[in-house]
Amino acid sequence: MARGRSRGHKGGRKQFSNPDQIKEDLAKQEEKRLWREAHPDSESESESEDEKPVRGAGRRGKAAQKESSSEAESESSSSEEEDENAKKKGVAGMIEIENPNRVKKAMKKVSALDDAAVPVKPQLSRREREEVDKAKAKAHYQKQHAAGKTDEARADLARLSIIRKQREDAAAKRVADQAEKDAAAKAKADAKKK
């Protein structure tokens, strides 16, 4: 039995096509089609003759070979144009199938590479722009605050000067108290000696 005609048992061996073999088959079919177009009078001949060109053509001369090759090129280019212009059947005309996972390598021009070397600012969303602006504003405020140019910084500096003055007064009072205690202790010690 033929491999593709009958269904085997469950779990039987499956036949898969080799991609390289499929490409080769398509290439052979295309060569046959081109040869048939180049030689329309030999349609009834067998396949073995279809694959090989007629040997008598080599005896005619170089000029005849050049003419036949130029005719074959013009016919193949016209057939390619017809294939491109031909309307696709069914849904294939409406849908152009493309693998979205396939990465296409596009040829880049030198001028495009030079432009690509210059980094372009990425477009930020509204939230990202607001976050960046907020961070800049905060850094600016911190800088102004450190320089003492903000209202809060002025209030802090005034409060610090008041505290500094209070501490100086407290330190002076402690020194005075200590001096009094020393003087009182000295007087007491002198009184005991007498």
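A residue is described here as buried when its relative accessible area is under 20%, as exposed when that area is over 50%, and as partly exposed in between, with a 1.4 Å probe and protein chains only. The structure is a predicted model, in which local features need a pLDDT of at least 70 and side-chain atom pairs count only at pLDDT 80 or more, whereas totals for chains, interfaces and linings use all residues. Residues are numbered from 1 along each chain as its sequence is written, and side-chain values use heavy atoms, with hydrogens and water left out.

The predictor's confidence in each residue, pLDDT, runs from 0 to 100; its average over the chain is 76, and 63% of the residues score at least 70. Over residues 44-60 the pLDDT stays under 50, and for this segment the model has 12 contacts beyond four places in sequence, a contact being defined by heavy atoms within 4.5 Å. Where pLDDT is low, the predicted coordinates should not be read in detail.

Helices (DSSP runs of H or I, at least four residues) and strands (E, at least two) are numbered from the N terminus. The chain has six helices and zero strands, which gives the pattern α-α-α-α-α-α when read along the sequence. Of the 194 residues in the chain, 5% are buried. Among the contacts in the chain with a separation of 6 or more, 23% are accounted for by residues 24 or more positions apart.

Helix α5, which covers residues 126-147, has 22 residues and reaches 32 Å from its first C-alpha to its last, close to the 32 Å expected at 1.5 Å a residue, where the expected span is 1.5 Å times one less than the number of residues. The helix is followed by Gly148, whose phi is positive, near 80°. In the loop between α5 and α6 (151-193) lies Thr150, a residue that is buried, with a relative accessible area of 10%. The side chain of Thr150 reaches the backbone nitrogen of Ala153 at 3.1 Å; such a polar contact is a pair of N or O atoms within 3.5 Å, of which, within protein, one must be able to donate a hydrogen and the other to accept it, residues adjacent in sequence counting only if both atoms are side-chain atoms. When residues up to four places away in sequence are not counted, Thr150 touches Tyr141, Gln144 and His145.

A search of the whole structure finds five salt bridges, each being a side-chain nitrogen of Lys or Arg within 4 Å of a carboxyl oxygen of Asp or Glu. In one of them Arg33 is paired with Glu37, the closest N and O atoms being 2.6 Å apart; these residues are four apart in helix α1 (residues 19-38) and are therefore separated by about one helical turn. Arg33 is partly exposed at 24% relative accessibility, as is Glu37 at 32%, and a network of salt bridges links Glu30, Arg33 and Glu37.

Within helix α5, the side chains of Glu130 and Arg126 form a salt bridge at 3.0 Å, N to O; being four residues apart, Glu130 and Arg126 are separated by about one helical turn, and Glu130 is partly exposed at 43% relative accessibility. In helix α6, Asp156 and Arg159 are three residues apart, so that about one helical turn separates them, and their side chains meet in a salt bridge of 3.1 Å, N to O. Asp156 is partly exposed, with a relative accessible area of 23%, and Arg159 is likewise partly exposed, at 48%.
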